[in-house]
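Welcome, and please keep your viewer open beside this text. We will go from one selection to the next and look at what is there.

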Amino acid sequence: MKRLFCWLILFSIILSLQGAGGKYNFSYLSLEDGLSQITVTAIHQDRQGYMWFGTRNGLNRYNGYQFEVFTHQPDDPFSISDNHILSITEDNAGNLWVGTNNGLNRLELSTYRFYRYYIHEEEGAFSGNMITSLFQGRDSVLWIGTDRGLSKYEGAVDRIFPVPLGEEVDQKAVHDILEHEETLYLATASAGVVVWEKD
């Protein structure tokens, strides 16, 4: 009797574990659905609910049914600066910011015009134009991680400025950015996590 009871408990446990695993249903969005390229490098959902997918061949807006693709057009100064998308975020004003292999872009959603921004070296500070990460800070500052350090966009002058953080961090890729209160955390390529207490 004890043996039967043990077998029943074991059988019940096995059945409950099989049910706990559940079944997951996956579907795919691919080239056949209108995605511009199969390697997706960034994802963002804007405040209107649209999904944005960055690929190695353009920026894709998805409304749940179809894609609209934005690519660099050499003869159009209001097209995106590069087709290789690396990062996407949205600012407090509802503009979409897109980091590419060659510069930062602000997409004005009311007109679907891209405005291009490039980082210039100033006074010994270096930062690249490969925009690897973007973060909208609490104080409305757009923090920009690049392949060569940290920069920030200042809306009052509509310009990007490199942020010198010292030899150990400058010229190292910043892959991700997070802000907590007055502290900025930077995930870097070879300097670990940099913790920067802002003034």
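On this tour, a contact means heavy atoms within 4.5 Å. This is a predicted model, in which local features need pLDDT of at least 70 and side-chain atom pairs count only at pLDDT 80 or more, while totals for chains, interfaces and linings use all residues. Residues are numbered from 1 along each chain as its sequence is written, and side-chain values use heavy atoms, with hydrogens and water left out.

**The whole chain**

Begin with everything shown as cartoon. The protein chain has 1 helix and 15 strands (DSSP runs numbered from the N terminus: H or I of at least four residues for helices, E of at least two for strands). Of its 199 residues, 39% count as buried, that is, under 20% relative accessible area with a 1.4 Å probe, protein chains only; over 50% is exposed, and in between is partly exposed. Among contacts in the protein chain with a separation of 6 or more, 41% join residues 24 or more positions apart.

**Ser 81**

Now select Ser 81, in the loop between strand E4 (67-70) and strand E5 (85-90). Is Ser 81 buried or exposed? Its relative accessible area is 6%, so Ser 81 is buried. Show its surroundings: beyond the neighbours within four places in sequence, Ser 81 is in contact with residues including His 72, Asn 102, Arg 116 and Tyr 118. Thr 100 is also in contact with Ser 81, and the two side chains make a polar contact at 3.3 Å (a pair of N or O atoms within 3.5 Å; within protein, one must be able to donate a hydrogen and the other to accept it, and residues adjacent in sequence count only if both atoms are side-chain atoms).

**The aromatic rings**

Next, colour the aromatic residues. The whole structure holds 11 aromatic pairs, meaning rings of Phe, Tyr and Trp (its six-membered ring) with centres within 6.5 Å; planes under 30 degrees apart are stacked, over 60 edge-to-face and the rest tilted. Zoom in on Phe 70 and Phe 114, an edge-to-face pair with 5.8 Å between centres and 70 degrees between planes. Phe 70 is in strand E4 and Phe 114 in strand E8 (residues 113-117), so the pair ties together parts 44 residues apart in sequence. Both count as buried: Phe 70 at 10% relative accessibility, Phe 114 at 2%.

**An open sheet**

Finally, select strands E9 to E12. These 4 strands form an open antiparallel sheet in the order E9-E10-E11-E12, where strands pair if DSSP finds at least two bridges between them. Strand E9 (131-136) and strand E12 (159-163) each have a single partner strand, so one side of each lacks a neighbour in the sheet. Last stop: Ser 151, which stands opposite Pro 162 in E12.
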